[in-house]
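I opened this model to look up its fold, its pockets and a few side chains. My notes are below, in the order I took them.

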Amino acid sequence: MPDLPAVQSERRTGPLLDHLARRMRLRAKSVLEPFGLRPRHLIALTALRDAGGISQQGLASTLQIDSTNVVGLLNDLEAAQLVERRRSPEDRRRHMVYITEAGANRLNDAECALETSEVEVLGALNPDERETLYELLRRATHGGWHITCTVGEDD
């Protein structure tokens, strides 16, 4: 069977998502700066708020970053008194990380500011469409990898 060219589609989502993500990152960076936060700080604070406390190793796993990098991240947040590390009562070798009240307040303020920036970036979408986009992206990020690509096969 001769090699057939791959069917090309002009409807690739990857480049569009990349472009949108870049626009969102640039806007988020400028919005978070007055709060003394970077996007990675916001993600860590969100994970800590949602977890109610987690080990440093668990946080590294949740954020999918190297455990040595999570130490630096936590140093930044702890210096700003947004998180606190405590020894685990079950295993004194382990540190548990908790968001502080100041951290929860700063996160809330930053999320409110980000909401405005998201509306600016996604201004072409109405509120229902933005909600649909959020749900689709949430499902896509939590779903498994299911890639099906047929190249030149007859149905």
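**Entry 1: the chain**

I noted at the outset that this is a predicted model. I counted the secondary structure of the protein chain and got 6 helices and 3 strands. Reading from the N terminus, I wrote the order of elements down as α-α-β-α-α-β-β-α-α.

I then looked up burial and found that 23% of the 155 residues count as buried. The chain exposes about 11,600 Å², and carbon and sulfur atoms supply 51% of that area. For contacts between residues at least 6 apart in sequence, I noted that 51% join residues at least 24 apart.

**Entry 2: the largest pocket**

I looked up the volume of the largest pocket, which is about 2,100 Å³. Its lining has 36 residues, and those nearest the centre are Glu118, Tyr134, Leu137, Arg138 and Thr141. The elements giving two or more residues to this lining are helix H1 (13-32), helix H2 (39-51), helix H3 (56-63), helix H5 (101-121) and helix H6 (127-142).

Which element gives the largest share of the lining of the largest pocket? I found that H6 does, with 10 residues. By residue class, I recorded 20 nonpolar, 8 polar and 8 charged for this lining.

**Entry 3: the second largest pocket**

I went on to the second largest pocket, with a volume of about 420 Å³. I listed 14 lining residues, of which Thr13, Leu16, Leu17, Leu20 and Leu133 lie nearest the centre. H1 and H6 are the elements that give two or more residues here. The largest share of this lining comes from H1, with 6 residues. The lining divides into 9 nonpolar, 2 polar and 3 charged residues.

**Entry 4: Arg85**

I placed Arg85 in strand S2, residues 83-87. Which side chains make polar contacts with the side chain of Arg85? I found Gln56 at 3.3 Å and Glu78 at 2.8 Å. Setting aside neighbours within four places in sequence, I listed the contacts of Arg85 as Gln56, Val71, Leu74, Asn75, Glu78, His95, Met96 and Val97.

**Entry 5: Met96**

Met96 was on that contact list, so I looked it up next. I found Met96 in strand S3, residues 95-99. Is Met96 buried or exposed? Met96 counts as buried because its relative accessibility is 14%, and the cut-off for buried is under 20%.

I listed what Met96 touches, not counting residues up to four places away in sequence: Gly53, Ile54, Ser55, Glu84, Arg85, Arg86 and Ser88. For one of these, Glu84, I also looked up the C-alpha separation from Met96, which is 8.3 Å with the two residues 12 apart along the chain.

**Entry 6: His41**

With a relative accessibility of 6%, His41 counts as buried. I noted a polar contact of 3.3 Å between the side chains of His41 and Asp76. Beyond four places in sequence, I recorded Gly36, Leu73, Asp76 and Leu77 as the residues that His41 touches.

Terms used: Residues are numbered from 1 along each chain as its sequence is written. This is a predicted model: local features need pLDDT of at least 70, side-chain atom pairs count only at pLDDT 80 or more; totals for chains, interfaces and linings use all residues. Side-chain values use heavy atoms; hydrogens and water are left out. On a 1 Å grid over the protein atoms alone, a cavity is a set of points where a 1.4 Å probe fits but cannot get out, and a pocket is an open set with protein on both sides within 12 Å along at least five of seven lines; lining residues have an atom within 4 Å of a point. Grid points are joined across faces, edges and corners, and a volume is the space filled by probe spheres set on the points. Helices (H or I, at least four residues) and strands (E, at least two) are DSSP runs, numbered from the N terminus. Ala, Val, Leu, Ile, Met, Phe, Trp, Tyr, Cys and Pro count as nonpolar, Asp, Glu, Lys and Arg as charged, and the others, Gly among them, as polar. A polar contact is a pair of N or O atoms within 3.5 Å; within protein, one must be able to donate a hydrogen and the other to accept it, and residues adjacent in sequence count only if both atoms are side-chain atoms. Contact means heavy atoms within 4.5 Å. Buried means under 20% relative accessible area, exposed over 50%, partly exposed in between (1.4 Å probe, protein chains only). Accessible areas come from the Shrake-Rupley method with a 1.4 Å probe; for residues, only the protein chains shown count as cover.
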